[in-house]
Amino acid sequence: MTTAAGASAYEIPQEFADFRETIRQIAQEKIAPRAHDIDASAEYPWDIRELLAENDILGLPFEAEYGGTGTGTLMLSIATEEIAKVCASSSLILMVQDLGTLPIQLFGSDEQKERFLPRCATGELSPAFALSEPEAGSDPASMRTTAVQDGDEWVLNGTKNWITNAGIADFYVVMASTDRENRRIGAFIVEKDRDGFSVGKLEKKMGIKGSPTGSPVFEDVRIPDANVIGDPEKGLGLALGVLQRTRLGAAAQAVGLAQGATDYANAYAKERITFGKPIHEHQGVAFKLADMEARTAAARELTYRASAAADRDEADLAKLTSMAKLIASDVAMWVTTQAVQVLGGYGYVSEYPVERMMRDAKITQIYEGTNEIQRIVISRAMA
Ligand SMILES: Cc1cc2nc3c(=O)[nH]c(=O)nc-3n(C[C@H](O)[C@H](O)[C@H](O)COP(=O)(O)OP(=O)(O)OC[C@H]3O[C@@H](n4cnc5c(N)ncnc54)[C@H](O)[C@@H]3O)c2cc1C
């Protein structure tokens, strides 16, 4: 792993540590008590979104000039982790605030930045990032949604799939083919009230149930030129440039899930008695807890290291963020499964949070690029 000359792997300034404490307190006191109901009702938690907005947490993905905290990716990862420790669905509110606006932040015009970013930083507006399609997930270049230029407007047609925030987003950043033959793609901002736009089908899912996932439909949706982000032939590069950063959100979410499950299982193991002593004193359980703690710490180090690389725009960013996402999500899946085992039968029922954490952990191996796709990115960087 190369490191920028003279730069340490990463440093957490006192300001970040203080903000982490504040977010941890909010998460533990106000989000944790809601987590079970958010999962059971499978409803988007508007109250949690308001809470995150009120406490400047939704300002974390944004530069200060657009009303954000200007604190960068490492602080964003720390915040995502703290929220995911208690409720993965709630952490997605913050993750998508980043994912859906990063195309504008990185490639948008000054006018687009002024129009959208300040209102996203306050939490007034929520975005969605619409790349995947029924026939195009890992291979987005094969997408079928089209955008055709008509004077100073563009006309979009197609259906997207698996789009987080479907139905609650105020605008969608939609990737659409502008030249199928040459596999050219553009990125377009579609506000929710455009004629021809509909939310489409919403999914019933295994986990992250408080985060709506759906299939927005575009039928002759007209948008002005002013809503094209960057070069309408370079949208695929734009999307991949965004994802190489935002997959750190999935990594941080995974670290949070793993730590939340470890902490819960550890506390439980000190209370639960079998054969006359707490199960924590049975070596078979204690070693499991030790492995959970150690693997989570390793996943966190890599996630923070890659987040700092994003802040420094390091040359091997894609490889680092893919490694962080791959390792952290596999750790989250393994750790949460162990946590269920530590709780025995109690781990399998919804009264205890670890079964929810195990269901929530699975998605971190799939979205923001499956772990197989992360392995492709890493091995290509090694070639
Ligand atoms: C809850 C949820 C939320 C989501 N949110 C969003 C969102 O907000 N915006 C968005 O655009 N998308 C979103 N997605 C889509 C997600 O990114 C895709 O599901 C993911 O990229 C995989 O695509 P796919 O489901 O079509 O699987 P496929 O691409 O069909 O893959 C199927 C399997 O084949 C493997 N595979 C595919 N190609 C290769 C290869 N070359 N080598 C090895 N293995 C391969 C995959 O890893 C996977 O295991 C979301 C998905 C879910 C489930």
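Ala, Val, Leu, Ile, Met, Phe, Trp, Tyr, Cys and Pro count as nonpolar, Asp, Glu, Lys and Arg as charged, and the others, Gly among them, as polar. With that noted, I sorted the shell around the ligand by class and got 9 nonpolar, 6 polar and 3 charged residues.

Some notes on the source: this is a predicted model, where local features need pLDDT of at least 70, side-chain atom pairs count only at pLDDT 80 or more, and totals for chains, interfaces and linings use all residues. Residues are numbered from 1 along each chain as its sequence is written, and side-chain values use heavy atoms, with hydrogens and water left out.

I found 18 residues, and the closest are Ser 132, Ser 138, Trp 162, Thr 370 and Glu 372.

Ser 138 has a polar side-chain atom 2.6 Å from a ligand oxygen. For Thr 164, a polar side-chain atom is 2.7 Å from a ligand nitrogen. Leu 131 uses a backbone N or O atom, 3.0 Å from a ligand oxygen.

Last, I asked where the ligand lies relative to domains 2 and 3. Domain 2 (127–233) and domain 3 (237–382) both give residues to its shell, so the ligand lies between them. Those bounds come from an automatic or database domain assignment.

Definitions and conventions:
Near = heavy atom within 4 Å. Polar contact = N/O pair within 3.5 Å; in protein donor to acceptor, adjacent residues only side chain to side chain.
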